[in-house]
Amino acid sequence: SRFQSQYTDLYTSENGFIPKNYNRNKLTIEYRLKNNPYSPSLSAEMFYQLNNPEGNNINKGRYSAGLKRKINNRNSVELFYMLQSEYNRKNPQNISIIGFSYNFDL
């Protein structure tokens, strides 16, 4: 669970100086294969807006599937596909994202 506060449209909207506050909850399932450097994963994340003047609700969801490869004890790379969907809007957008990440653990 994560709390996020962000400002958008600071100088182009009369509500630009009012932050949008979100409670973001994410669930990730990763399967580590024995004696194999690859780990598949699935995740889902919901964005619940806390201070929406029209009513608090879930307004965005992210769903992803990925494959992580462990390079050594501290380094790994991941290739993933993410679908981002908007909810409770007149014209909701669905965005597909393909990503690559590098992770370094201390």
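This is a predicted model: local features need pLDDT of at least 70, side-chain atom pairs count only at pLDDT 80 or more; totals for chains, interfaces and linings use all residues.
The accessible surface of the chain amounts to about 8,200 Å², and 52% of this area belongs to carbon and sulfur atoms (Shrake-Rupley method, 1.4 Å probe; for residues, only the protein chains shown count as cover). Residues are numbered from 1 along each chain as its sequence is written, and side-chain values use heavy atoms, with hydrogens and water left out.

The chain contains six strands and zero helices, in the order β-β-β-β-β-β from the N terminus (DSSP runs numbered from the N terminus: strands, E, at least two residues; helices, H or I, at least four). The radius of gyration is 17 Å, well over the 13 Å that the globule rule gives for 106 residues, so the chain is more spread out than a compact globule (radius taken over C-alpha atoms; rule, 2.2 Å times the number of residues to the power 0.38). Along the principal axes, the C-alpha atoms fill a box of roughly 55 × 30 × 20 Å.

Buried residues account for 25% of the 106 residues (buried, under 20% relative accessible area; exposed, over 50%; partly exposed, in between; 1.4 Å probe, protein chains only). Of the contacts between residues at least 6 apart in sequence, 32% join residues at least 24 apart (contact, heavy atoms within 4.5 Å). The chain carries 14 positive and 8 negative side chains, with the centres of the two sets 10 Å apart (Lys and Arg positive, Asp and Glu negative, His and the chain ends not counted; charges placed at NZ of Lys, CZ of Arg, CG of Asp or CD of Glu).

One aromatic pair is present in the structure. Y22 and F47 form this pair in an edge-to-face arrangement, at 6.1 Å centre to centre and 80° between the planes (rings of Phe, Tyr and Trp, the last by its six-membered ring, pair if their centres lie within 6.5 Å; planes under 30 degrees apart are stacked, over 60 edge-to-face and the rest tilted). The pair links distant parts of the chain, with Y22 in strand β2 (residues 20-30) and F47 in strand β3 (residues 38-49), 25 residues apart. Both Y22 and F47 are buried.

Y22 also takes part in the surroundings of Q6, which touches P19, K20 and Y22 when residues up to four places away in sequence are not counted. Q6 lies in strand β1 (residues 2-6) and, at 28% relative accessibility, counts as partly exposed. The C-alpha atoms of Q6 and Y22 are separated by 8.5 Å, the two residues being 16 apart along the chain.
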